[in-house]
Amino acid sequence: MANVATTVPGPLARARHWGAGFRSRDTWAAFAFLSPWLFGFVVFTAGPMIASLVLSFTDYSIIQTTHGVGFANYTTLYHDPQVRTALRNTFVFTLLAVPAHVIIALALASVLARVGRAAGFFRTVFYLPVMTPGVAIGILYLLIFNGSYGVLNTGLGYIGITGPFWTTDPNWVKPGLVLMISVWSVGASVVIFLAALVGVPRHLYEAASMDGAPAWRRFKDVTLPMISPAIFFVVIINTISGLQTFDQVYTAFFNQSTPYGTNASLMYAIYIFQEAFTFFKFGYASALAWLLFGIIGVITAIQIVVSRRFVYYEGNSRG
Amino acid sequence: MPGWRTSFAITSLIAALGVLTFAATFASAHSTSTKAGTLNIMGFGKGDDVAESRAAIATAAVGGNVNRPSGSFNDQTFLAAVASGNVPDLVYLDRQKVGTYAAKGAFLPLTSCIKSQKINMKQYRQAAVNEVTYKNQVYGIPEFYDVRTILIDNDVLDATHTPIGWLNPAKPAQLLAAAKKMVKIENGKVTRIGFDPKMPEFFPLWAKAYGVDILSKDGLHAHLNDPRAVKALAYTMSLINAQGGWDRFKSFRDTWDFFGSANQVAKDQVGAWPMEQWYYNVLAGSSPKVHITALQFRNLKGQPINYETGSAWAIPKGAHNTAAACTWMKTMTSTSTWLAAAKNRAALRKASNQPYTGISTGNSVADQAIYKQTYTSINKYFDEAVKKVLDVQRFSFGIPASPASAEFKAAWNDAVTRVLAGQQTPKQALDQAQKEAQNAINAAK
Amino acid sequence: MSEASPVQAQGPAQALPVAPPIAPGRRFWRPPTGNPLGRALYLTVLALCTGVFLYPFVWALSSSLKTRNDFFDHNSRLVPHPFHWSNYLDVFRGVSDIAYKAAFGNWLWNSLWIASLAAVTVTLSSALVAFGFAYFRFPLRNFFFGCVLATMMLPGVVTLVPTYLIWNKIHFTGPGTFLFLSKNQYPLWAPNLFGSAFYIFLQRQFFLGIPRELFEASRMDGDNYWTMFWRIAVPLAKPALIVTAVFEFKASWTELQKALIYLRSDDTFTVPRGLKNLLDLYGPSNGGHGDYQVIIAGTVLATLPMIIVFFLGQRYFVEGIATQGRKG
């Protein structure tokens, strides 16, 4: 890249330069490309988001007349013990789930990368659980994770381990959910990692092995850095979705025929859903949602800052 | 090259278009006109023969123009309809939900409808009508009446020499002894349950057995932490703990083949448990050779009690075609319609060699007529059971309508679940539930 | 075209990951022709994992061929005996005393249409937007990209109702059709016309991996922005586009929430909505007998198209890179 001036211009010059950006043809073209999203964002996204923010300051319940209640929802939220329970459950779940998911997906993708042509079949196999609809997963969960008779504990019994009561013991509910949700759904991440692994330049590996580096060194010093962008992407996406876990847990624990959701399985997103659609407290639910929004925002920002240290992005600056 | 003013204007134009669209959507008034005379029903899609034969009669009664999208009642769909101002004329939903919607003003009181159509409210079971009455106004017409009796597997009793008299909740100590006698635990796994108290689902029944209504008749005062309720919960916990503890108990129960021919009664996997009456029909169909007895559930004083639930018809506020809705409700639940449906079902069942155990309608006049005119004997076990089911109906109670029925149910359901999971003692759990429930009711009324 | 400048903030957009580089000269990764023991080990591991991952689907398949009696019997074998194919017919013609004839064919067709529309529109629109974010430098770029990220952070449940109200005001929640498609179905795919945060993010990563030299070269040849996008960026990012299409197809195919709220009449239902119907109907409280084996058969039927789409699409993920690499 061309050399640029080594002295940093003053603030006024920076502002002028920034403002000049609006003049350039590039900017106009950029916004042309962005326009579909911009339009949709305002109408279908920002609009409802702002509406829900406004609603969080009311007692909107759809059916009754709405009154503004100021910060009452947020104060209630602060004192609500279930909020703490739900947050704790969600955090613990995400903390367990994301590393498990990433490690397993990476391991599987690494193995798949060595298989060559047959990989197509295996990719489909690993993606199958992702495609299996919630109904089946819900029923399956109760059958497989049954403490006395489930396949999982029977299998563990063969290797001498007495499995816990996954579905009823509060200490094991979350690990069970982690297994069911984040491990079974690695398929999508395997696909992404595979694409990344395949793109690592071969000459780097050749150079490393010529230097006598053993396999694990090659992995640590060549593979990981080169696919760190993909790892980062998967981590962010799964953190955001982990903190919003809803479907599978709801099917397994909270729907009509299996109302055994306990303190151990109450996820934050489920709590929001209940407050909104079972108890008709949309105002409160909106406040809860915006709290989660703030939390996710902070966590994502932290992850991004951390990533600058660990994520290697190739060559030319994007500046 | 366009000046920055121009480019800025153009880019903000795009955004402004978006904002305008968004704003405009709230500005325009609209009215959706439904074809005059159509009756729009939500929550009552195509169902079994009992539903369809009655629906045919009712459709004829309202003049033929009925719109019944499929599916059962769904809170989200209904709320979306209310939000958009496009309410259906009639909804069909769980009776226990009526109170909350009524308290929030989402349903119309049916006083004028009852008067103009001359609906005889006395034909309906009192407990069911109580369930849909809020602040002394009726908001729903009850349909169906699910009652609970104790279903006993005679073979298990015989095999363990357990006297049937012990299976009486009026005598807790003996019931506990019976459960211990009949339970079988092998290799740390439960292989037969003695007596399943069906918790948390039947907590109201147990509380009532110990003498307390968990919700006052006016639906405004919760009594969840009444000492008697706590005792009832503690007792059922002792039952479960004596039979392997909740983990083992539940994981065994989850393996039951409830609807098949290898069901838990046929395989003698349970001694006795309280169950809804429709299960007799299932059993008669899947495993008619079982030896069963039906017993009434009793309170500590030895009196028979029963917990009932069911569905109801209600009219949302803002409905257009209330007259047709009213006619529909009346016709669907009238004695003659029920009788026609029962006759139809009996004939169908006979033709396909399937058993028929009657219908529990919520209309006492209809129940009697159906039993007299359509019931034919299956075998002595099921005949006795059907008779018992009919008997027990008049001793029923339901949960009264309350302005926060969902929160109320969640409060006690969660409390019992916490106790089952060993996270709290019965007293702690019910104290917490009481607080939550009463707060919710107070906030909602 | 703006030059590199130290003044441009290294904001979050900058630090975000770069896509796997897809420039010419990259060689397709070939598996090492290493020792057979290593290979055998890999295959064993894969086989084990396959068993675990296949289990849910095999279980669903096997259960769908059982009779109702065998369905919950935990001792019953994995391979049903005999195969009860009539369950699949029952999905269409209904079960004994229930009068309801599932319009499963309709549902499949609806889901197919809607999922295809959703996938195609989101792929194209997201690609446009992603290119805008990846290639250009312009003021407020980081701010807008932050907005894109932010849309993923608010739980969808609270925007359900306001979004519904918007559609309602433009009369898309009532009966009727618009351009041959039922109005009620538009909310399920039309928002994809405007891109979707997840895919914008994903495709931006891939676009960022395309070396700028390619674009410089084409600019010097006098290409306009559209040509650069369509002729250079899109072909090179084809794997990302295919991934987007496949993922969105699956997401739309399995979407239940929106279907619950917007779809009113039976013939407009999508498959998940229809399956839920069956679930309600065959549950015991509605007089049904818990004919879950029919529901599972319906579920299997519902999953098959997705599997086909995925299997067809996944061939391009990796092979696509190889082709592009050699062509460049």
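This is a predicted model: local features need pLDDT of at least 70, side-chain atom pairs count only at pLDDT 80 or more; totals for chains, interfaces and linings use all residues.

Me: Which strands make up the open sheet of three in chain B, and in what order?

Reply: Start with the terms. Strands (E, at least two residues) and helices (H or I, at least four) are DSSP runs, numbered from the N terminus. Two strands pair if DSSP finds at least two bridges between them. Here the order is E12-E13-E15 in chain B, and the pairing is mixed. Strand E12 (297–298) and strand E15 (396–397) are the edges, each pairing on one side only.

Me: How do the strands of chain B run in that sheet?

Reply: E12(B) and E13(B) run antiparallel, joined by two bridges. There, B:Phe297 has B:Ile305 as its bridge partner. E13(B), residues 304–307, runs parallel to E15(B), again with two bridges. On that side B:Asn306 stands opposite B:Ser396, and B:Tyr307 stands opposite B:Phe397. Five residues lie between its strands, and B:Gly302 takes a positive phi near 85°.

Me: Are the faces of E13(B) covered or open?

Reply: In a regular strand the side chains alternate between the two faces of the sheet. Then ask whether each side chain is buried (under 20% relative accessible area), exposed (over 50%) or partly exposed (in between), using a 1.4 Å probe and protein chains only. In E13(B) both faces are covered. B:Pro304 and B:Asn306 are buried on one side, B:Ile305 and B:Tyr307 on the other.

Me: Which strands form the open sheet of five in chain B?

Reply: The order is E2-E1-E3-E14-E6, with mixed pairing. E2 and strand E6 (141–146) are its edge strands. E6(B) pairs with strand E14 (residues 309–314) in the antiparallel sense, over four bridges. One pair to find is B:Glu143 and its bridge partner B:Ser311.

Me: At what angle do helices H10 and H11 of chain C pack?

Reply: First, the method. Axes are lines fitted to C-alpha atoms, for helices over the stretch in contact, and angles run from 0 to 180 degrees between N-to-C directions. H10(C), residues 212–220, and H11(C), residues 225–236, pack at about 145°, with axes 10 Å apart. Contact means heavy atoms within 4.5 Å. Among the residues that make it are C:Leu214 and C:Phe215 of H10(C), and C:Met228 and C:Ile232 of H11(C). Chain C has 15 helices and two strands. Buried residues make up 59% of its 328 residues.

Me: What do I look for in a salt bridge?

Reply: Side chains of opposite charge can pair when their charged atoms come close. The cut-off is a side-chain nitrogen of Lys or Arg within 4 Å of a carboxyl oxygen of Asp or Glu. B:Asp49 and B:Arg345 meet at 3.0 Å, N to O. That pair links helix H2 (residues 49–61) to helix H14 (residues 335–351) of chain B, and its residues are 296 apart in the chain.

Me: Where does B:Lys104 lie, and how far away is the nearest side chain of opposite charge?

Reply: B:Lys104 lies in the loop between helix H4 (98–103) and helix H5 (111–117) of chain B. B:Lys104 is buried yet has no salt bridge. The nearest side chain of opposite charge, B:Glu407, is 5.9 Å away. Leaving aside neighbours within four places in sequence, its contacts include A:Phe279, A:Phe280 and B:Pro403.

How values were computed
Residues are numbered from 1 along each chain as its sequence is written. Chains are lettered from A and ligands numbered from 1 in the order in which they are written. Side-chain values use heavy atoms; hydrogens and water are left out. Lys and Arg count as positive and Asp and Glu as negative; His and the chain ends are not counted.
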